[in-house]
Amino acid sequence: MASRTRLSLLHFLGALALLSSLVIVKGESPYKFYTWTVTYGIIYPLGVPQQVILINGQFPGPRLDVVTNDNIILNLINKLDQPFLLTWNGIKQRKNSWQDGVLGTNCPIPPNSNFTYKFQTKDQIGTYNYFPSTAFHKAAGGFGAINVYARPRIPIPYPLPAEDFTLLIGDWFKTNHKTLQQRLDSGGVLPFPDGMLINGQTQTTFTGDQGKTYMFRISNVGLSSTFNFRIQGHTMKVVEVEGSHVMQTDYDSLDVHVGQSLSLLVTLNQSPKDYYIVASSRFVRANLSVTALLRYSNSGVPASGDKPPLPPGELVWSMRQARTFRWNLTANAARPNPQGSFHYGKINTTKSFVFSNSAPLINGKQRYAVNGVSYVNSETPPKLADHFNITGVFSTSAIQSVPSNSPATVATSVVKASLHDFLEIVFQNNEKSVQSWHLDGYDFWVVGFGSGQWTPAKRSLYNLVDALTRHTTQVYPNSWTAILVSLDNQGMWNMRSAIWERQYLGQQFYLKVWDPVQSLANEYNPPDNLLRCGKAIGRRP
């Protein structure tokens, strides 16, 4: 009797353990596995043969179509002749800056070697992209789209479109990326781009059915140029910007700055024919354009008439448009709670920074700087140096919280902040060109744009109710942009110019978000396959 009771108890415990394991498996977010091989190839994007970076033989690279909270396991094989990394632009890497894929957090993958990225699209939806962060590889391609879709049971604030069209748009150089890099290394600046591309081409067509609505997912993957986007005879309803649902407004044309992404809905409600899609550069001395076609499936009529023109003016028009992007307070994003349930405007800031970009000559060479400090990469990534307590790699005192008139210097600069700080950051641009600033690991509220010099009195102009959240913001010439950031993601995060020449020559730094109490609730341990380089070689966790 006792043995039967023990046996029954064992059966019950075994069934309970099996049930528990089934619940865990059922509740875990899906895993998606990829193997990508990075090689060179010769193609003709602007009509002449040039060496580009291919991923699995594709230019642009493969599109990642994933869902909120998917776990991405991506084995990247580097067949180039140089070390290589990809960064996942806009993916927050929650508690996991180990996977961010920039030189401040990761050792580059050596030639003929591989590294497996392991990250999650935690609590995110929206339109993003990836690109190379090493050397000047971005000028050779290696970029692609990341589309993060909402989970099936999470509502979205618009009807499901008939189909998605992904448009990776950017300026392009015919010159080899190594030659461009050598030009920068020798103290020069980049020439003017040679053209623009949509999905790696100068001509492409998007076909849809009359009466249906389509989503256009647009990213500026270029090196330096803002573009204005428009579709002949059609209005565009912006519904999402870099992971945030926005108040739905119709536009005839849209400015998209370097590094930015957005999603818009277009209804094919015109006569059946082909219509011009145009992207044209902005805020530059010479205009570049690229044209595609929107084709109605029931038509054989070619596009005709004038291509839609650029909007009048530049700075004033663009800044006014930027202020029209507003957070949709009643809509959810990746989670079911409304976006507006987080009342950011009622939170007191714990720290304030004013970061001013500049273009100094240092030792006779062109550099770019933040508050007079031009960033230089270290052989040891600051993230690894911080984790392994390696001294002498980076400086936390180089960049001050406000600009100064001191001579420009170089440093591997890190700005320290505490987990759960609430920051006010002002980007001051005293130059004559548009700037574009990006922060890894976060999105932020863009609460204000203004001309001239920022002063504390400008805070009265801030939008503290429904400002847009995004990961990349523009700063207009001789103007300022203010953002608010809630530091809820521990790690080492790159704040950089999205204009790649400026990033390469020093307009960047790292934001160390830390808590003195080490906890897996705040940050994951380094991965088992962590690459080590510089002074971190031989170090163990």
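**Entry 1: a serine in a strand**

I began with S113, which lies in strand β6; strands here are DSSP runs of E, at least two residues long, and helices are runs of H or I of at least four, both numbered from the N terminus. S113 is partly exposed, with a relative accessible area of 25%. My scale for that is under 20% for buried, over 50% for exposed and partly exposed in between, with a 1.4 Å probe and protein chains only. Leaving out residues up to four places away in sequence, I found S113 touching L76, I77 and N78, where a contact means heavy atoms within 4.5 Å. I also checked S113 against V426: they are 313 residues apart in sequence and 41 Å apart in space, C-alpha to C-alpha.

**Entry 2: ground rules**

A reminder to myself: this is a predicted model, so to speak, in which local features need pLDDT of at least 70 and side-chain atom pairs count only at pLDDT 80 or more, while totals for chains, interfaces and linings use all residues. Residues are numbered from 1 along each chain as its sequence is written, and side-chain values use heavy atoms, with hydrogens and water left out.

**Entry 3: the whole chain**

I looked up the secondary structure, and the chain has five helices and 34 strands. The radius of gyration is 24 Å, close to the 24 Å that the globule rule gives for 541 residues, so the chain is as compact as a globular protein of that length. For that I took the radius over C-alpha atoms, and the rule is 2.2 Å times the number of residues to the power 0.38. Along the principal axes, the C-alpha atoms fill a box of roughly 90 × 65 × 55 Å.

Of the 541 residues, 56% count as buried. Among contacts with a separation of 6 or more, 78% are between residues 24 or more positions apart. I noted an accessible surface of about 22300 Å², with 53% of it belonging to carbon and sulfur atoms; the areas come from the Shrake-Rupley method with a 1.4 Å probe.

**Entry 4: the disulfide**

How many disulfides does a search of the whole structure find? I got one, counting a pair of cysteine sulfur atoms within 2.5 Å. The partners are C107 and C533, with their sulfur atoms 2.1 Å apart. C107 sits in the loop between β5 (86-89) and β6 (113-120) and C533 in the segment after β34 (508-514), so the pair ties together parts that are 426 residues apart in sequence. The link is left-handed, at -85° about the S-S bond. Both cysteines, C107 and C533, are buried.

Next I went to N69, in the loop between β3 (64-67) and β4 (71-78). Is N69 buried or exposed? N69 counts as buried, at 7% relative accessibility. Beyond residues up to four places away in sequence, N69 touches S29, P30, Q120, T121, K122, D123 and R151. S341 is 272 residues from N69 in sequence and 21 Å from N69 in space, C-alpha to C-alpha.

Phi of D123 is near 55°, a positive value in a residue other than glycine.

**Entry 5: other backbone details**

I found a positive phi at N478 too, near 50°. N478 is in the loop between β31 (472-475) and β32 (479-486) and is partly exposed at 40% relative accessible area. I then noted a cis peptide bond joining F59 and P60, with omega about -10°; P60 is in the loop between β2 (50-55) and β3. For background, most residues other than glycine have a negative phi, and most peptide bonds are trans.

**Entry 6: two last stops**

Q181 lies in helix α2 (residues 177-185) and counts as buried at 15% relative accessibility. Its contacts outside the four places on either side are A135, F136 and Y504.

G364 is in the loop between β21 (361-362) and β22 (365-366), and G364 is exposed, with a relative accessible area of 64%.
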